Amino acid sequence: MARVVVDVMPKQEILDPQGQAVANALPRLGFDGITEVRQGKRFELEVADDVDDATLANIAETLLANPVIEDFEVRRVEA
């Protein structure tokens with residue numbers, strides 16, 4: 001078995017209201033120096049060793065991310 005992480009983030013040109021809300025709240029809470037926050041999603045999958053990278057990318061593109069407004073990165077990590 002292998003562990004796969006898929007990180008999904010809004011594309012840079014897409015407005016991120018959740019990230020903006022966090023960025024606006026930080027100074028009010030006393031955390032200065034943060035200029036931008038982007039909020040995304042992280043998925044962790046346990047997959048059989050024979051599942052190839054193309055299949056994982058297809059899963060990310062068709063189910064985990066909306067490729068019109070989101071970018072994704074698929075990587076295998078140590079279990």
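## A tour of the salt bridges

Begin by selecting Arg3, Arg42, Glu44 and Glu46, which are linked in a network of salt bridges, a salt bridge being a side-chain nitrogen of Lys or Arg within 4 Å of a carboxyl oxygen of Asp or Glu. Bear in mind that this is a predicted model, in which local features need pLDDT of at least 70 and side-chain atom pairs count only at pLDDT 80 or more, while totals for chains, interfaces and linings use all residues. Residues are numbered from 1 along each chain as its sequence is written, and side-chain values use heavy atoms, with hydrogens and water left out.

How many salt bridges does a search of the whole structure find? The search finds six, and the tour now visits some of them.

Next, show S1 and S2 as strands: they run antiparallel and are joined by seven bridges, and two strands pair if DSSP finds at least two bridges between them. Here you can pick out valine 6, whose bridge partner in S2 is phenylalanine 43.

Now turn to S1 and S3, which pair in the antiparallel sense over eight bridges, and select valine 5, which stands opposite arginine 75 in S3. Which residue meets arginine 75 in a salt bridge? The partner is aspartate 7, with 2.4 Å from N to O, and this pair links distant parts of the chain, since aspartate 7 is in strand S1 and arginine 75 in strand S3 (residues 70-77), 68 residues apart. Arginine 75 is partly exposed, with a relative accessible area of 29%.

Finally, select aspartate 53 and arginine 76, which form a salt bridge whose closest N and O atoms are 3.1 Å apart. Aspartate 53 lies in helix H2 (residues 53-64) and arginine 76 in strand S3, so the pair ties together parts that are 23 residues apart in sequence. Aspartate 53 is exposed, with a relative accessible area of 52%, whereas arginine 76 counts as partly exposed at 37%.

Conventions:
Helices (H or I, at least four residues) and strands (E, at least two) are DSSP runs, numbered from the N terminus. Buried means under 20% relative accessible area, exposed over 50%, partly exposed in between (1.4 Å probe, protein chains only).
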